[in-house]
Amino acid sequence: MPVPFVRHSEVDVLIIGAGPGGLMCATALANARVNVRIVDQKAVKLTTGEGDGLSPRTIEVLQSYGLAERLLRESCQVHLAAFYNPSSTGGIELTNRTTNVTAPSARYPFEVALHQGAIQDIFIDSMTPLGVKVEQSTIPTSIEISQDENELKDPTSYPVRVVLQRLDESEDESREEIVRAKFVVGCDGAHSWVRKQVNITMDGEQSDAIWGVVDMITPDTDFPDLRNKALVHSNHGSVLLIPREQDRMRIYVQLEDKDLINPVTGRVDKEKMGPEQILETAQKSLVPYKLIRKGEFLWWTIYTVGQRVASKFSIKDRVFITGDACHTHSPKAGQGMNASINDSHNLAWKIAQVVRGWADMPLLSTYESERRNFALDLIAFDKMWSTLFCGKPLTKHNNDGVSPEDFLKTFQTDFTSGIGIQYQPSVAVDHRNQELASGLVLGKCVPPCKFMRAADAWPFELQDLLPSDFLFKLLVFTGDFSDPLQQARVESMVTDMQKPESFLNRYAAHGNSRFDIITISKDRKETFNIFRLPTLLRSHWSKVFIDDTDPTDTFGGEGYSYYGVGPEGALVAVRPDGYVGAIAPLDHVGDLDAYFASFMKIPA
């Protein structure tokens, strides 16, 4: 019998695992026109269950790829959170309602709920026209990383060898393929094959908490907060209720039965409890309210919570892990899918810059330094939050219980919104000149603010001018250009930026710029003349904005003060992922030269 021919191929990036993190990474790299493949063990795509909540920052991220409109159309918005605690009569009672998101600067001040399969479809449908599709029924069987340091340092090399096996091929067809990749990204979940193969350990612990989850059509109920997020502390345990799309509901239930754990595997034995028992436990905790199922369960599971962070997020900056492969935590804070998507959003632009020959390899090390620090903060928060959520409530019979005030205070943090994340100084985040734009915090995402387009008085959200197109955005706050002294400062700045050694020219290649200049003036709409600006600051009429009220005088005109920019103006470099990378005064363009020189590559 002839031996099947083994296929060989090369690819810039091989992604293993087609969950939200893997699909985000593939979508981002496909948009950057990077040669990318994504494989997944499952024979068919996900249709029910798994994660279901996206935070305000994640919605902003999807908006930067042009995907938020569909997300908002299909999902359920969650604006309020309701808190229930034990009543004097033995049941529960409402003790507070508050905003579900505590993040004053959020563009989308709410969470959205949509089942993970639908969210994954948004990514799949976005990358399909770009020629990328998930290769289902495909698993890696071996991975080898070159030990040649020169090869590892060469961004054009293919130092990672992965053997893939197709599970759906017939025996007389070639099931194996040997792939040589520049980079491999493991997005293959909490039991990550990639992580284990490259000997990355998970540091942390397994909690004792056992939780059950059911998805169902909204039941017959008199519970008044069925369409709000409801956090319930009862004498029978804790319950979390989340409204979902299409009149659905998800219920998380704390389970007390330790016999659910298989003593041999240490994992939950699903044979010992089903969705009916999970719902019955929830019903006990919700007395005096009724909760009667109207149809079949859409999905259910039982799980324990591991709170762990990987010791490394990359090996030699050639193999990376993201999402649950590098951090695991409880779902009660709603961070699983959000963390995965934002891991990939952080990594993809850096890989794209290196693959394109625009950045040096050391830029890739900032993925681990930025996202691992976030993961450690996340685990610390999750431990505190889970302890409070799973703890017995404060009652007259339990003086050491969790007080409603402590629970609410911990809930009201901007950490879970994603807006509060700040990356520390590195080659990708400068630390100088923060005082020039105090509202544009170095290492944090650009907060939303509306400016008026000068050419046609059309109000625009600044975030919509910062798409994830893998270009750095240079925000030029000119100050009041009608002031002759300020005009002279701006013109002197433009002269500096047009010098051959300036970053704009130093990193230009074949007429293609790596930068998109957006000009924001403090002038008045009645008198501003776009053509008085130097040509560099008006590459197209659509790139010039003024900080003035809209034609009806109903909003606008507060952008400079909101961003903490004074009359002297400022230069702000925004990274391709929407985070502030560097700030410079108009008369010190050299500060930006130094920032970009720390990681950018001069074209050959």
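Predicted model: local features only at pLDDT ≥ 70, side-chain atom pairs only at ≥ 80, totals over all residues.
How near do the axes of H8 and H9 come, and at roughly what angle do they cross?

View 1. The axes of H8 and H9 come within 10 Å and cross at roughly 165°, and because angles over 145 degrees count as roughly antiparallel, the two helices are roughly antiparallel to each other. Their crossing is right-handed. On the H8 side the contact is made by Ala339, Asn342, Asp343, Asn346, Leu347 and Lys350, and on the H9 side by Thr366, Tyr367, Glu370, Arg371, Phe374 and Leu378. Sorted by class, the contact of H8 with H9 comprises five nonpolar, three polar and four charged residues.

**View 2. Packing of helices H9 and H10.** Helix H9, spanning residues 365–390, packs against helix H10, spanning residues 404–411, at an angle of about 150°, and the axes lie 10 Å apart; H9 is therefore roughly antiparallel to H10. The crossing of H9 and H10 is left-handed. Phe381, Met384, Trp385, Leu388 and Phe389 of H9 meet Asp406, Phe407, Thr410 and Phe411 of H10, and the residues of this contact divide into seven nonpolar, one polar and one charged.

**View 3. Packing of helices H1 and H4.** Helix H1 (residues 20–31) and helix H4 (residues 116–127) have axes that come within 9 Å and cross at roughly 20°, which makes H1 roughly parallel to H4. The crossing of H1 and H4 is left-handed. H1 contributes Pro20, Leu23, Met24, Ala26, Thr27 and Ala30 to the contact, while H4 contributes Gln116, Gln120, Phe123, Ile124, Ser126 and Met127. By class, the contact of H1 with H4 holds eight nonpolar and four polar residues, with no charged residues.

**View 4. The largest nonpolar core and the surroundings of Leu14.** The largest nonpolar core has 111 residues, of which Leu14, Ile15, Leu29, Ile351, Met493, Phe503 and Phe596 touch the most other members. Helix H8, covering residues 336–355, supplies the largest share of this core, namely nine residues. When residues up to four places away in sequence are not counted, Leu14 touches Arg37, Val39, Val162, Leu164, Val179, Ala181, Phe183, Val184 and Val185. A second, separate core of 56 residues includes Val78, Ala81, Trp211 and Ala437.

**View 5. Ser340 in helix H8.** Ser340 is found in helix H8 and has a relative accessibility of 9%, so that it counts as buried, the cut-off for this class being under 20%. With its neighbours within four places in sequence left aside, Ser340 is in contact with Gly21, Gly323 and Asp324.

**View 6. Glu74 in helix H3.** Glu74 has its place in helix H3, which runs over residues 68–74, and because its relative accessibility is 29%, Glu74 counts as partly exposed. Not counting residues up to four places away in sequence, Glu74 touches Leu114, Ala118 and Glu245. Glu74 and Leu94 are 20 residues apart along the chain, and their C-alpha atoms are separated by 30 Å.

How values were computed. Residues numbered from 1 in each chain as written. Heavy atoms only, no water. Core = buried A, V, L, I, M, F, W, Y, C linked by side-chain atoms within 4.5 Å. Buried < 20%, exposed > 50% of the residue type's maximum accessible area, 1.4 Å probe, protein only. Helix = DSSP H or I, 4+ residues; strand = E, 2+ residues; numbered from the N terminus. Contact = heavy atoms within 4.5 Å. Axes fitted to C-alpha atoms, helices over the stretch in contact; angles between N-to-C directions. Parallel < 35°, antiparallel > 145°, perpendicular 65-115°, else oblique. Left-handed = near helix turned anticlockwise from the far one by under 90°. Nonpolar A, V, L, I, M, F, W, Y, C, P; charged D, E, K, R; others polar.
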